[in-house]
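Trainee: I would like to learn how to read a structure from its helices and contacts. Please take me through one case.

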Amino acid sequence: MPAAAATPDRDAGPGRRSRTAAAYAGEPATASPYAAITRTLTPELPENPTTDQLHAWVELAELSQCPDFRSVLRSMAEDHAADRTPRDDHPTDPTDPTEPTGPSDPTDPAATGAATPASAATPERDLVATVRDRVPPVLAAGVAPASPAADPVITALTAHYARTGNRRGHHGHGHSDLRRQLLTRLETSNDPRRERYLELLSVINGWSPPESLTPALTWTVQALRARTTSG
C-alpha cells in the first residue's frame with residue numbers, strides 16, 4: 001500500500017486541501033475503515049487564515065515531505081482502525097477502566113444520535129487513549145517504569161491490546177510476543193513528529209491545543225522495554 005506524496009497547497013480548493021491527510025496515509029479519503037481517522041487528521045485551512053495558521057500550514061507542508069513520516073501517519077490510521085474493530089468474541093467487563101463507557105469518536109453514529117443496528121458490536125477504545133487514561137495516575141504517584149508496582153498497568157494494557165484487531169483470542173498466552181508488538185506500536189505513537197503534527201493540525205483547524213501524551217507514552221515504552229528485555 002504505497003503512500004502518496006502530498007503537500008498542503010495554500011491555493012488549492014477546499015476539496016483538494018481536505019484530502020491531504022488521506023493522501024499522507026495512502027488511503028482514499030472515503031475508504032473504510034480509514035474514513036473516520038483520516039477525517040480527524042485532515043487539515044482544513046480557513047479561507048481567511050490567521051498568521052499562526054499560515055505558519056502552521058507551511059510547517060505541516062515541510063513535515064509532510066518526509067516519506068518516513070507519511071508512513072507513520074499511515075500506521076496511525078491502520079492502528080486506529082484495528083483498535084476500533086468491534087468486539088464480538090468476549091464480554092464487556094464493567095470493572096475494567098479500559099472498556100469503553102460510551103462513544104469516544106464524534107463520527108460514530110451513536111455519538112450523533114443516529115440509529116445503529118441492534119446487533120452492532122461495541123468498538124474497542126483506542127490504545128493511545130487507554131494509555132492516557134491508565135498511566136497518568138502512576139506517573140503522578142512516582143511509580144518507576146521497571147518497578148513491580150507498574151505491573152498491573154502493563155498487564156492491563158497488554159490485555160487491552162490483545163483484545164483489539166487480529167490479536168483477539170490470544171488472552172492468557174503469548175504475552176512476551178504481545179508485549180513486543182505493543183512496544184513497537186507505542187514507540188511509533190511516541191514519535192515526536194506525531195505530536196507536532198497534531199499540534200499543527202489543531203492550530204490550522206482552530207481546535208484547542210492537544211494534551212501532550214509524551215510523558216505517558218514514554219513511561220509505558222520504558223516499562224515495556226524493561227519487561228521484554230527480561231523475557
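This is a predicted model: local features need pLDDT of at least 70, side-chain atom pairs count only at pLDDT 80 or more; totals for chains, interfaces and linings use all residues.

Trainee: What percentage of the residues count as buried?

Mentor: Of the 231 residues of the chain, 43% count as buried. For the contacts, look at sequence separation: among those with a separation of 6 or more, 72% are between residues 24 or more positions apart.

Trainee: How far apart should the end C-alpha atoms of helix α4 be?

Mentor: The general idea is to take 1.5 Å times one less than the number of residues. Helix α4 covers residues 51–64, so its 14 residues should span 20 Å. The end C-alpha atoms of α4 are 20 Å apart, which agrees. Helix α5, residues 67–83, can be read in the same way: it has 17 residues and reaches 24 Å from its first C-alpha to its last, close to the 24 Å expected.

Trainee: Which residues of α4 are buried?

Mentor: They are Q53, A56, W57, L60, A61, L63 and S64. These residues cover an arc of only 160° around the axis, so they are on the same side of α4. The face turned away from that buried side carries the exposed residues T51, H55 and E62.

Trainee: And which residues are buried in α5?

Mentor: In α5 the buried residues are F69, R70, V72, L73, R74, M76, A77, H80, A81 and D83.

Trainee: What describes two packed helices?

Mentor: Two packed helices are described by the angle between their axes and by the distance between those axes. Take helix α7 (residues 127–140) and helix α9 (residues 175–189): they pack at an angle of about 85°, with their axes 11 Å apart. That angle makes α7 roughly perpendicular to α9. On the α7 side the contact is made by L127, V128 and V131, and on the α9 side by L182, R185, L186 and S189. By class, the residues of this contact of α7 with α9 divide into five nonpolar, one polar and one charged.

Trainee: At what angle do the axes of α7 and α8 cross?

Mentor: The axes of α7 and helix α8 (residues 151–163) cross at roughly 170° and come within 11 Å. An angle over 145 degrees counts as roughly antiparallel, so α7 is roughly antiparallel to α8. From α7 the contact takes L127, T130, V131, R134, V135 and V138, and from α8 it takes V153, A156, L157, H160 and Y161. The residues of the contact of α7 with α8 divide into eight nonpolar, two polar and one charged.

Trainee: Now single residues. Where is T220, and which residues does T220 touch?

Mentor: T220 is found in helix α11, residues 214–229. Buried means under 20% relative accessible area, and T220 is buried because its value is 0%. Not counting residues up to four places away in sequence, T220 touches V131, V135, I154, L157 and L186. V131 also takes part in the contact of α7 with α9.

Trainee: Is W219 buried or exposed?

Mentor: W219, also in helix α11, counts as buried because its relative accessibility is 4%. Leaving aside neighbours within four places in sequence, W219 is in contact with V135, V138, L139, V143, A144, P145, A150, V153 and I154.

Trainee: How far apart are W219 and A144 in sequence and in space?

Mentor: W219 and A144 are 75 residues apart in sequence and 8.2 Å apart in space, C-alpha to C-alpha. A144 is in the loop between α7 and α8 and counts as partly exposed, because its relative accessibility is 40%. With neighbours within four places in sequence left aside, A144 is in contact with A150 and W219. For A144 and Q222, the separation is 78 residues in sequence and 9.2 Å in space, C-alpha to C-alpha.

Trainee: Which residues is S202 in contact with?

Mentor: S202 is placed in helix α10, residues 192–205, and is buried, with a relative accessible area of 6%. Leaving aside its neighbours within four places in sequence, S202 is in contact with W207, S208, P209 and P210.

Definitions and conventions: Residues are numbered from 1 along each chain as its sequence is written. Side-chain values use heavy atoms; hydrogens and water are left out. Helices (H or I, at least four residues) and strands (E, at least two) are DSSP runs, numbered from the N terminus. Buried means under 20% relative accessible area, exposed over 50%, partly exposed in between (1.4 Å probe, protein chains only). Contact means heavy atoms within 4.5 Å. Axes are lines fitted to C-alpha atoms, for helices over the stretch in contact, and angles run from 0 to 180 degrees between N-to-C directions. Angles under 35 degrees count as roughly parallel, over 145 as roughly antiparallel, 65 to 115 as roughly perpendicular and the rest as oblique. Ala, Val, Leu, Ile, Met, Phe, Trp, Tyr, Cys and Pro count as nonpolar, Asp, Glu, Lys and Arg as charged, and the others, Gly among them, as polar. The arc is that of the directions from the helix axis to the C-beta atoms.
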